[in-house]
Amino acid sequence: MTRELLRIGMFGYGCVGQGLHDVLNSSKGFKADIVRICVKDRTKQRRLPMNYFTFDKEDILNDPSINLVVELIDDADAAFEIVTRAMKNGKNVVSANKVMIANHFEKLVDLQDKHKVSLLYEASAGASIPIIRNLEEYYDNELLYSLRGILNGTTNYVLTLMHNHGIDYDIALGQAREKGFAESDPTLDVDGWDAKFKLCIITGHAYGLFLKPDEVFHYGIRNISKFDIRYAKEKGFKIKLVPYVGKTNENTITSFVLPRFISPDKYLYNVDYEYNGVITEAAFADKQFFSGKGAGGHATGSAVLSDISANSYGYKYEYKKYQQGTVQNYTRNHKIEIYLRYSDERDRELFNFEEVSEYFSGKTDKYVIGIVSLRKLYEIQEQLRSMNVFIVNTGRKII
Ligand code: HSE
């Protein structure tokens with residue numbers, strides 16, 4: 001197959017943009033020219049000569065010699081405008097913007113079809129782990145029961161520092177930010193938004209449903225306490241933030257983002273620091289495990305490079321599961337066993353526990369382990385953020 005010569009117009013030159021530039025410079029076998037880079041800040045010192053840069057997006061969008069737009073900016077609304085304009089102008093696009101893709105998924109799929117262009121975004125979920133391409137190609141005819149994993153490097157870094165090194169939450173988060181893993185607004189990481197956006201993108205390729213992020217329950221690690229870490233350690237577990245999507249029957253799926261206890265015999269136990277890990281369970285391939293760096297300029301840049309390279313030989317997502325249309329419904333009619341740490345009995349009552357298997361009441365902290373419905377968790381999602389509680393999915397299968 002002949003490769004098209006790529007002339008790239010890039011938006012953004014932050015952590016991922018610079019990472020991509022390094023990766024592209026060191027990749028001997030593949031040539032693509034970054035001809036223009038559009039940035040916002042006119043005062044920042046840049047590592048490249050200023051003639052590469054422009055502050056006007058039109059310089060890229062209206063340049064007919066640029067045949068690929070690489071969008072790596074932080075602002076999801078601005079990114080959506082750039083990406084849709086580029087596609088309407090007949091340009092292929094590579095993006096790493098999970099917020100934009102998750103929020104406008106269906107529209108972006110339609111635009112690709114309508115304007116006969118390709119939008120690739122492997123870097124948007126799991127960074128260096130090629131999970132989207134695998135779901136598209138390897139699992140195109142697979143009966144996928146479920147997919148779960150660690151999809152946020154920042155929270156995994158924080159949890160690793162807390163668990164393995166006894167470092168406080170705020171200090172650990174500060175370090176994740178310094179290393180360039182966290183979002184500019186780290187609330188997106190610690191409250192589970194980022195993992196949820198990635199889960200929604202993956203769901204589109206795994207099951208062909210383009211869920212609105214608002215439909216999916218998410219809960220992060222902001223409220224984790226030393227008590228929770230001590231509890232997990234005493235039981236031999238680690239706590240990881242684990243998004244899940246899976247089938248509840250032939251044509252229905254459910255999904256959620258929750259911290260989860262992980263025992264040492266599980267794949268995810270040793271996925272530490274900024275690494276991500278994804279486990280798929282399927283009818284024919286059975287259980288598979290993918291792991292790799294999930295955040296950071298070079299890891300994310302490597303996935304962007306892979307998309308750029310795929311683009312040069314005309315690769316497009318075909319959204320095979322969407323075409324097949326097997327999965328039609330989304331449900332929150334699903335039971336989960338959780339650990340709830342709390343101090344006020346009124347908080348516990350909100351959860352409507354259906355069965356309780358363990359209960360502890362100490363001087364300040366109490367905990368209960370029991371079964372709740374995902375529907376109920378979703379109902380109290382907003383209240384949960386301000387409550388002095390912490391929830392962890394025990395991971396026990398409920399029959
Ligand atoms: N803030 C994200 C994370 C960056 O920590 O995973 C990679 O998407």
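Biologist: How many nonpolar, polar and charged residues are in the lining of the largest cavity?

Modeller: On a 1 Å grid over the protein atoms alone, a cavity is a set of points where a 1.4 Å probe fits but cannot get out, and lining residues have an atom within 4 Å of a point. Ala, Val, Leu, Ile, Met, Phe, Trp, Tyr, Cys and Pro count as nonpolar, Asp, Glu, Lys and Arg as charged, and the others, Gly among them, as polar. Here the lining has three nonpolar, two polar and three charged residues: Asp 191, Tyr 219, Gly 220, Ile 221, Arg 222, Asn 223, Leu 384 and Arg 385. This is a predicted model in which local features need pLDDT of at least 70 and side-chain atom pairs count only at pLDDT 80 or more, while totals for chains, interfaces and linings use all residues. Residues are numbered from 1 along each chain as its sequence is written, and side-chain values use heavy atoms, with hydrogens and water left out.

Biologist: What volume does the largest pocket have, and which residues lie nearest its centre?

Modeller: A pocket is an open set of points with protein on both sides within 12 Å along at least five of seven lines. Points are joined across faces, edges and corners, and a volume is the space filled by probe spheres set on them. The largest pocket has about 1,200 Å³. Its lining counts 50 residues, with Leu 72, Ile 73, Asp 74, Asp 75 and Ser 184 nearest the centre. By class, 21 are nonpolar, 14 polar and 15 charged.

Biologist: Which helix gives the largest share of that lining?

Modeller: Helices (H or I, at least four residues) and strands (E, at least two) are DSSP runs, numbered from the N terminus. In this pocket α3 leads, with four residues.

Biologist: And how should I read salt bridges? How many does the structure hold?

Modeller: Look for a side-chain nitrogen of Lys or Arg within 4 Å of a carboxyl oxygen of Asp or Glu. The structure holds 23 salt bridges. One of them joins Arg 36 and Asp 59 (3.7 Å, N to O). Arg 36 sits in strand β2 and Asp 59 in helix α2, so the pair ties together parts 23 residues apart in sequence.

Biologist: Is Arg 148 buried or exposed?

Modeller: Buried means under 20% relative accessible area, exposed over 50%, and partly exposed in between (1.4 Å probe, protein chains only). Arg 148 is buried, at 10%. The side chain of Arg 148 meets that of Glu 281 in a salt bridge (2.9 Å, N to O). Arg 148 lies in strand β7 and Glu 281 in strand β11, 133 residues apart.
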